[in-house]
Amino acid sequence: MKVLDHLEEWIITFLIGAATLIIFVAVIHRYASGLPIPGLQDWLISLNFTWAQELCIYMFIWMAKFGAAYGVRTGIHVGVDVLVNRLPETWSKKFILAGLAGGVLFTALVGTLGWVFVWENGMHYAVYHALGIDSGDLPEGPTAPDLEWPTWIVYCAVPLGSYLMCFRFSQVAWHFAKRGELPHHDIAYVEGLGADEDVLAPRGGDAR
Amino acid sequence: MSADALGWARMTPVRAGRWLAGIVAALIAISLLGKVGFVFALLIALMLTGMPVSISLGLTVLTFLFTLTTVPIEAVALKLFTGIENFEIMAIPFFILAGNFLTHGGVARRMIDFATSMVGHWYGGLALAGVLACALFAAVSGSSPATVVAIGSILLPAMVKQGFPKRFGAGVITTSGALGILIPPSIVMVIYAVATSTSVGALFMAGVIPGIILATMLGITTWYRAWRNGYPRMPRATWAQRVRAFRRSMWGLALIAIVMGGIYSGIFTPTEAAAMSAVYAFVVAVFIYKDLPLRRVPKVLLDSANMSAMLLYIITNAVLFSFLMTHENIPQVMADWIINHQLGVVLFLLVVNVLLLLAGNVMEPSSIVLILAPILFPVAMKLGINPIHFGILMTVNMEVGMCHPPVGLNLYVASGITKMGITELTVAVLPWLFTMLVFLVLVTYVPAISLWLPRALGML
């Protein structure tokens, strides 16, 4: 379980960082290759960065799908809690559980829809091909325009991300049913901000 | 957010029962209006359970598709993939990342120093500097709550120490922080642009003048209240001090030139400008100001990814929802209805404002824009309202919505910083909230405020 948690965090951290760098390098490259420096210019022009935008989009889609699952764990997905919070304790518990069940249901549905779509748009062919089974007249499935990767691999983000999210929703619902705790995301908390402004002030909540 | 922490009592079972019965009755009444009514009743019912807005949107669409239409389910599956396959949307994660680097990287502190040296000696001293600092930070960050956090967590303790009442400080920062989404760059504007296919660049330019006007109006309110109550002032800074403060904050301020200059001159697309500003903010925070140690960078990346993923997830599901809306011709029907009843532009804009302010009571800005913009936009176009003007109008409405309860995001952030209850904060922001409402009327009925600059620059 710990491994999965860390893997999830590691993947989305890497994706956002790498996507930023790729676009940065692509923009620098576009302007640098316009500079008339002998040798360097030829080398820069020979590099091809047309795939950068597409790759960045795909990386962010993967980040969005896995990040959404991570977000369930950190409680960042906000809802309308005006009514629920004012209902009597036992009622609001039922409402929250119903909400979480909705999350489980939706992500399971989407995951399955996505799985069917991926399977029918190239994975079926690819798997049969790889196993040496005669695929008959199955279509090969489309490829991405610039990267020329089969799109079914890229689109795997949806079923994988949704099933992971489904798992996270179940996990949160289970915890809530047992202990009555929901993960809570605090936007106002910023690490290391304002701390050195008030070094002498007593730290809140420290009873010693 | 638990109700107890906010000082709201839970209802007794009898009262709660009446409320629920009333809501259910109202929803059934709405759903009897036909397919459209059913969609909205279902959406509202799901949202009221407190489930995430994104999930409610998605479940509504799926229910509708499975039961009431013949749209092939493959179309939905495809939309799930292609909904956010758009390079413009990718500006959002980049701007969030840039904002987080700026917040952690000491840029806000230097901007506050600069603002204090410029206006600190007037009535209202630090509070006035807070308005200016929020405006400056808004010009490099695209989010309101981030602006409140960045400026508020440094400035509010300092204000209390100087003898300002806590309420006054909280009121100033909560409302000035809302400038974050009006002064470009702005995440809400990117979302509007994506939802309605308008130009992000033109929207950004259109936000500049309204942003400056609102900052000035908030400043005047602050000054007046401080003058009336005799709040502390700072000693006047010498010009040498001002120049020094400016030079120290210059690295942060240069970002304004990179983003706005870059987009206007056509060097970058808005998304590229966002990526450049993220890298630039990283370099400034880690290597120039050295306020952010390298080992904390992965945490900043992770937090930004978390926030972006949440927004992108809402966007995916809202794209599905608006696909459903257009498939059922709902915006078209509404537009025809309004034109047949000869509701003029004036009345339509009034209705839009009220609707958006009401929605601002229960939802956060990105969801509102994503759900309502695709519906209201075609109507506005038929009435001949400029798309850019309409975008600014929606943005200002979102700003107001962020500063009043029950879901004003800025209020929650400020309450986290000041440890004040939401009720007390609501009273505290009233004078500035009123100023913002006056400004809203101004922006709604004087399109020139938003349209003059993009026109003068030839972007319209």
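A crossing of two helices is termed left-handed if the near helix is turned anticlockwise from the far one by less than a right angle, and right-handed if clockwise. The views below come from a predicted model, in which local features need pLDDT of at least 70, side-chain atom pairs count only at pLDDT 80 or more, and totals for chains, interfaces and linings use all residues. Residues are numbered from 1 along each chain as its sequence is written, chains are lettered from A and ligands numbered from 1 in the order in which they are written, and side-chain values use heavy atoms, with hydrogens and water left out.

**View 1. Helix 12 and helix 13 of chain B pass in a right-handed crossing.** Helices (H or I, at least four residues) are DSSP runs numbered from the N terminus. The axes of helix 12 (residues 239-265) and helix 13 (residues 270-288) of chain B come within 9 Å and cross at roughly 165°; axes are lines fitted to C-alpha atoms over the stretch in contact, and angles run from 0 to 180 degrees between N-to-C directions. Helix 12 of chain B is therefore roughly antiparallel to helix 13 of chain B, a term for angles over 145 degrees. In the contact (heavy atoms within 4.5 Å), helix 12 of chain B contributes B:Trp251, B:Ala254, B:Leu255, B:Ile258, B:Val259 and B:Ile263, and helix 13 of chain B contributes B:Pro270, B:Ala273, B:Ser277, B:Tyr280, B:Val284 and B:Ile288. Eleven of these residues are nonpolar, one is polar and none is charged; Ala, Val, Leu, Ile, Met, Phe, Trp, Tyr, Cys and Pro count as nonpolar, Asp, Glu, Lys and Arg as charged, and the others, Gly among them, as polar.

**View 2. Helix 7 packs against helix 11 in chain B.** The axes of helix 7 (residues 125-138) and helix 11 of chain B are 9 Å apart, at an angle of about 170°, which means that the two helices are roughly antiparallel. On helix 7 of chain B the contact involves B:Ala127, B:Leu128, B:Val131 and B:Ala135, and on helix 11 of chain B it involves B:Ala215, B:Leu218, B:Gly219, B:Thr222 and B:Trp223. Seven nonpolar, two polar and no charged residues take part.

**View 3. Helix 1 and helix 3 of chain A form a left-handed crossing.** Helix 1 (residues 2-32) and helix 3 (residues 52-74) of chain A pack at about 150°, with axes 9 Å apart, and are therefore roughly antiparallel. Their contact has 19 nonpolar, two polar and four charged residues.

Terms used
Parallel < 35°, antiparallel > 145°, perpendicular 65-115°, else oblique.
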